[in-house]
Amino acid sequence: MDKETLLSRLRGKLIVSCQALEDEPLHGTAIMTAMARAAKIGGASAIRANGREDVQAIRQVTGLPVIGIVKRVYPDSEVYITPTEKEVQECLEAGADVIAMDATLRHRPKGVTLRELLRRIRENSECLAMADVSTVEEGVAAEEAGFDLVSTTLSGYTPYSRRAAGPDFELIRNLSERLSIPVIAEGRIATPQEARRAIELGAHAVVVGTAITRPHVLTRRFVEALKGECVDECHRKDK
Ligand SMILES: CC(=O)N[C@H](C=O)[C@@H](O)[C@H](O)[C@H](O)COP(=O)(O)O
């Protein structure tokens, strides 16, 4: 699918993140593929998925565009979303339509640079590149570096970004005003109303993960609310 077609299919739409890490009860490609099928039935326009196997299977089974990432932790860096060429290569091999990566200004494993990763994508595919950022400055730098899309994924997850219980609407608005590439609203969007608000503030599309695909977290929110604890504060503990 060419860039314009893909971006127009995503305009104003919902992307569901179907991810379960190894220590989560729903971990496994079969379960994540079932989640993605459920998301498709519900009307999702695309899926965000982690790992070569999941990206490949979800794409094949649902026929939806997939934003691929590979989460991997290296000892010399805090960057874990598609951090090096190895993870970019895995996304390429899986056939991801879009590859998302941490595009914060932090040191990456082995000193690899964002430009090197972008070059790898451009030289090997038609696949789009999405920058996961945590601040306006990082979003501006990502556009300058040549990314196709910017997502607010990492707001609240870098030591220097705004920590909030809910979505970072200010970042969504600021990036949408300043950038000419599409801005994706992602991170702690917990209700349909919040998703709608993100679009009204200028987001091109909205990614929702936990509120749809992490039932253990949703269960805990109910349980803690019944105990009289603050549900919003609990949300932050879930990552
Ligand atoms: C910070 C980080 O590692 N975010 C990850 C990025 O892929 C996922 O764990 C999130 O689920 C995803 O961004 C969607 O966000 P939320 O689950 O809040 O709707």
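Biologist: Which strand and which helix each supply at least two residues of the shell around the ligand?

Modeller: Strand 8 (205–208) and helix 9 (210–213) do. Helices (H or I, at least four residues) and strands (E, at least two) are DSSP runs, numbered from the N terminus. This is a predicted model, in which local features need pLDDT of at least 70, side-chain atom pairs count only at pLDDT 80 or more, and totals for chains, interfaces and linings use all residues. Residues are numbered from 1 along each chain as its sequence is written.

Biologist: Which residues come nearest to the ligand?

Modeller: Ser17, Tyr157, Arg188, Gly209 and Thr210, of 17 residues around the ligand. A residue counts as near if its C-beta atom, placed from the backbone, lies within 6 Å.

Biologist: How does that shell divide into nonpolar, polar and charged residues?

Modeller: Eight are nonpolar, six polar and three charged. Asp, Glu, Lys and Arg count as charged; Ala, Val, Leu, Ile, Met, Phe, Trp, Tyr, Cys and Pro as nonpolar; the others, Gly among them, as polar.

Biologist: What makes strands 1 and 2 a pair?

Modeller: Two strands pair if DSSP finds at least two bridges between them. Strand 1 (residues 13–18) and strand 2 (residues 46–50) are joined by four, so they pair. They run parallel. Ser17 has Arg48 as its bridge partner, and Cys18 stands opposite Ala49.

Biologist: What do the eight strands form?

Modeller: A closed barrel, running 1-2-3-4-5-6-7-8 with parallel pairing.

Biologist: Why is strand 2 called largely enclosed?

Modeller: Because five of its five residues are buried. Buried means 20 or more other C-beta atoms within 10 Å of a residue's own; exposed means 12 or fewer; partly exposed lies in between; C-beta atoms are placed from the backbone. Ala46, Arg48 and Asn50 point one way from strand 2, and Ile47 and Ala49 the other way.

Biologist: Why is Glu116 called partly exposed?

Modeller: It has 13 other C-beta atoms within 10 Å. Glu116 sits in helix 5 (residues 114–124). Glu85 is 31 residues away in sequence, yet 8.0 Å away in space, C-alpha to C-alpha.

Biologist: Which residues touch the most other members of the largest nonpolar core?

Modeller: Ile15, Ile47, Ile99, Met130 and Val206, of 57 residues. Such a core is a set of buried Ala, Val, Leu, Ile, Met, Phe, Trp, Tyr and Cys residues joined through C-beta atoms within 7 Å.
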